[in-house]
Amino acid sequence: MSLIELAAVLLGLANIVLIIRRSVWNFPVAVVMVSLYFFIFRDARLYSDAGLQIFFLIVNLYGWWNWHRSKGDDGAVVVRRLPAIGYAMWIAGSVAAIWAWGSFMGAYTQTDYPYWDAAVAMLSVAGQILMARRFVENWHWWIIVNLVSIPLYIAKGLHLTAGLYGVFLVLAIGGLVAWRKAEVAG
């Protein structure tokens, strides 16, 4: 546990609360958080997670732009649902990406848990894209990411980060409920 991990955890909590509230301010907070987590995961030899932070930086910039132009009459960001075929395609794509990335990382890096790390990374990629595009189903991906991440981070000795992902799990469930209500209201 380090001060940089503590700062990243606090920013992560703020970020999720802002996402649940559908506030565009989640994006600048996320930019700082993912920048810190790049170094944390790199130092822990979780290379997929470290690389994921670069992806998050880019998608957070896209999301910031997209959310600014996607507000309803009341000023709140409008959320929407994936069609069933789209949902099935995101699931299939996530599974294929986990297998492909895990195979690559296992063959070409010294990562400790290539498929476990790949699952966190690829499900997070899908969840982040779905969130940036304002799909309610993004929360399904984040719930699974949190369930997979907690034991991985405990195994790597990142106990504070594992605790953060435990809180993220509770917040993701709350986010799903809040976004479903927002969708019904909208």
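Domain bounds here come from an automatic or database domain assignment. The model is predicted.

**View 1. The two domains of the chain.** Residues 1-74 make up domain 1, and residues 81-185 make up domain 2. Taken over C-alpha atoms, the centres of domain 1 and domain 2 are 14 Å apart.

**View 2. The interface between domain 1 and domain 2.** On one side, 32 residues of domain 1 take part in contacts, and they meet 34 residues of domain 2. The size of an interface is often given as the accessible area lost when the parts come together. For domain 1 and domain 2, the area buried between them is about 2,900 Å². Carbon and sulfur atoms account for 71% of that buried area.

**View 3. The salt bridge across the interface.** The rule finds 1 salt bridge between domain 1 and domain 2. R45 forms a salt bridge with D112. The closest N and O atoms of R45 and D112 are 3.4 Å apart, which is inside the 4 Å cut-off for a salt bridge.

**View 4. Polar contacts and the helices of domain 1.** Three helices, helix 1 (3-20), helix 2 (26-43) and helix 3 (47-68), each supply at least two residues of the side of domain 1 that touches domain 2. Helix 3 gives the largest share of this side, 12 residues. Sorted by class, the side of domain 1 that touches domain 2 has 21 nonpolar residues, 7 polar residues and 4 charged residues.

Note on methods. Residues are numbered from 1 along each chain as its sequence is written. This is a predicted model: local features need pLDDT of at least 70, side-chain atom pairs count only at pLDDT 80 or more; totals for chains, interfaces and linings use all residues. Side-chain values use heavy atoms; hydrogens and water are left out. Contact means heavy atoms within 4.5 Å. Buried area is the accessible area (1.4 Å probe) that two parts lose on being put together, summed over both. A salt bridge is a side-chain nitrogen of Lys or Arg within 4 Å of a carboxyl oxygen of Asp or Glu. Helices (H or I, at least four residues) and strands (E, at least two) are DSSP runs, numbered from the N terminus. Ala, Val, Leu, Ile, Met, Phe, Trp, Tyr, Cys and Pro count as nonpolar, Asp, Glu, Lys and Arg as charged, and the others, Gly among them, as polar.
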